[in-house]
Structure formats: structure tokens, C-alpha cells
Amino acid sequence: MNHCSQIPDVQGSLDRRCIAIDKVGIKNIRHPIRVRDKSEGIQHTIATFNMYVGLPHNFKGTHMSRFVEILNHDEREISVESFGPMLRMMVGRLEAKSGHLEMNFPYFIAKTAPVSGVRSLMDYEVSFIGIITDGQHDFTLKVVVPVTSLCPCSKEISAYGAHNQRSHVTVTATLNEHMWIEEIVQIVESLASCEVYGLLKRPDEKFVTERAYDNPKFVEDMVRDVAAVLNVEPRIDAYIVESENFESIHNHSAYALIERDKRKG
């Protein structure tokens with residue numbers, strides 16, 4: 001005897017308010033994942049998942065337990081390759097017309113100091129975002145890249161020195177083809193006043209300080225320079241690029257954003 005069939009399904013009961021819900025599901029659930037990096041290695045890390053579906057106006061609730069079942073469906077560690085199939089499974093299992101799946105995780109890249117050559121790991125905040133609406137599927141890659149920015153105005157007006165700060169440049173790119181996380185990171189770091197490293201020796205500190213001084217950037221410069229590269233990248237259909245400078249001489253941040261959907265011309 002199936003005991004579940006004897007228990008009332010309250011979530012599936014009729015709701016008479018006739019108001020659809022855009023997103024309903026579970027948020028901030030952690031699960032092991034594995035990510036293949038560009039050097040052909042495998043990273044094992046922990047991701048935080050947000051899983052939502054659209055709920056039609058006539059249903060009282062969704063079945064929350066099914067989200068967790070989907071997360072634990074096939075394997076102990078979820079791979080990047082299973083991200084798309086998991087999104088489609090979620091929409092199918094919950095009989096929804098729309099679905100939204102986010103996977104947020106730290107990603108590590110080995111970097112070499114510019115003079116001494118010492119190696120260290122840098123961590124980057126990465127998100128995979130998948131959306132299905134009426135059968136149409138969009139995949140978005142979001143990467144937060146820490147960099148150094150040096151103020152051009154400070155350099156111009158000061159007899160010596162210039163104020164600089166650590167900045168976060170965030171690229172959120174809707175892709176039509178695979179793009180490595182490392183490629184996004186490289187685009188941003190190459191356009192900053194200077195990139196940042198996990199470990200530097202004294203000759204390296206001299207190098208990065210002088211490089212930033214020779215390459216000043218306003219927050220506006222940063223987003224425009226990154227946008228110019230993303231505009232001609234054929235694998236990117238749409239993007240948002242943001243830059244936040246954590247100011248060293250003010251108690252506030254400087255911020256700029258550019259958003260473009262290339263599919264709209």
C-alpha cells in the first residue's frame with residue numbers, strides 16, 4: 001500500500017486568489033560540486049544553490065522536497081556539465097513553465113608573481129545562472145574579479161604619489177557558447193590599473209605599485225574598457241559590467257555600471 005497516496009496534498013490544492021507567483025522554491029542550500037578548470041584540472045568545492053520555479057495562479061504551493069531530491073538525484077558531487085540537465089529536470093518534475101537555478105561558489109586560479117615568480121592561489125566569486133521560460137533557455141556566467149585601481153585625478157594633482165584602492169569588477173555575461181571562467185578573469189585583470197595576487201615578495205610589490213601608478217583608471221574607465229571587449233566577443237549575447245572601488249580616502253565606494261543586450265542591436 002502506498003501510504004503517501006493516503007496523505008492529503010495541500011500544496012497541490014486549488015488556490016482561489018488567482019495570483020501567479022514568479023519564483024518559489026528553496027534558497028541557500030549547500031552541496032558539493034566539481035568544476036573543470038582551463039588547465040584540465042578538477043576543482044572540488046562547495047556551492048550555494050538557489051532553486052525556483054514559477055507557480056501558476058491556481059496552485060496553492062509547490063513541492064519543496066522535490067528541489068532537494070533533484071539536487072541529490074544522481075551523484076554526490078554536481079558537475080558543471082549536469083547544471084543544464086538539472087535545470088530542465090527541475091522544471092519538468094515541478095510541472096512548471098519557468099525555472100531559475102543559481103549555483104554560487106568560490107573558484108581558485110593559480111597565479112605567478114610578476115618578478116619573483118612565486119605561485120599562489122587567488123579566489124574568485126563565481127555564479128552560474130540558468131533560466132528557462134516557455135522552453136527558452138539562457139545561461140549566464142557571473143564572475144567577481146578583485147583588481148587594483150589608481151585615481152588619475154589624484155596622480156595629476158599630487159606632487160608625489162596617488163591614492164589607489166582595491167576594486168571589484170563584476171561581469172555578468174549571458175553566453176551562447178562555452179566560455180572559461182579564466183577568460184573573463186583575464187579580460188578584467190588585463191584592463192585594470194594592476195591585478196592583485198595572493199602572494200608577493202618585495203620586488204613584486206615594487207612592480208605592482210609602479211604598474212598601477214603608470215596605468216591610472218577611473219571607475220568609469222574600467223567599465224568602459226571591459227565593455228569594449230565584451231561588445232566584440234561573439235560568445236556573449238548580453239552582459240552587465242560593474243566596477244566598485246572601495247575608496248581609500250573616502251568612507252564610500254565609487255561605482256559604475258554598463259548593461260547591454262546585443263540581441264537587441
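**Aromatic contacts and helix packing in a predicted model**

Phe128 is buried, with a relative accessible area of 6%. The cut-off for a buried residue is under 20%, so Phe128 falls inside that class. The model is predicted. Phe128 belongs to an aromatic cluster, together with Phe83, Phe105 and Phe139.

Phe83 sits in helix α2, whereas Phe139 sits in strand β6. The pair therefore ties together parts that are 56 residues apart in sequence. Phe83 is buried, at 3% relative accessibility. Phe139 has a relative accessible area of 24%, so Phe139 is partly exposed.

Phe139 also pairs with Phe128. Here the centres are 5.3 Å apart and the angle between the planes is 70°. This pair is edge-to-face too. Phe128 lies in strand β5 and Phe139 in strand β6, 11 residues apart.

Helix α2 spans residues 83-93. Its buried residues are Phe83, Gly84, Met86, Leu87, Met90 and Val91. Why do they lie on the same side of α2? They cover an arc of only 165° around the axis, which puts them on the same side of the helix. Several elements cover these buried residues. Among them are the strands β2 (42-55), β3 (78-79), β4 (98-112), β5 (119-133) and β6 (136-150). Helix α1 (64-71) is also part of this cover.

Helix α1 shows a one-sided pattern as well. Phe67, Ile70 and Leu71 are buried in α1. Their arc around the axis is only 100°, so they fall on the same side of α1. The buried residues of α1 pack against the strands β1 (21-36), β2 and β3. They also pack against helix α2.

Most residues other than glycine have a negative phi. Glu95 lies in the loop between α2 and β4. Its relative accessibility is 66%, so Glu95 counts as exposed. Asp134 also has a positive phi of about 50°, although it is not a glycine. Asp134 is found in the loop between β5 and β6. With 60% relative accessibility, Asp134 counts as exposed.

The chain as a whole gives the setting. Its secondary structure comes to six helices and 10 strands. The C-alpha trace spans about 80 × 35 × 35 Å along its principal axes. Of the 265 residues, 43% are buried. Contacts were also sorted by sequence separation. Among contacts with a separation of 6 or more, 64% join residues 24 or more positions apart.

The accessible surface of the protein chain comes to about 14,800 Å². Carbon and sulfur atoms account for 52% of this surface. The chain has 30 positive and 36 negative side chains. The centres of the two sets lie 3 Å apart.

Technical notes:
Residues numbered from 1 in each chain as written. Heavy atoms only, no water. Buried < 20%, exposed > 50% of the residue type's maximum accessible area, 1.4 Å probe, protein only. Helix = DSSP H or I, 4+ residues; strand = E, 2+ residues; numbered from the N terminus. Arc of directions from axis to C-beta. Contact = heavy atoms within 4.5 Å. Areas by Shrake-Rupley, 256 points an atom, 1.4 Å probe, with all protein chains shown as cover. Lys, Arg positive; Asp, Glu negative; His and termini not counted. Charge placed at Lys NZ, Arg CZ, Asp CG, Glu CD. Phe/Tyr/Trp six-rings, centres within 6.5 Å; stacked < 30°, edge-to-face > 60°.
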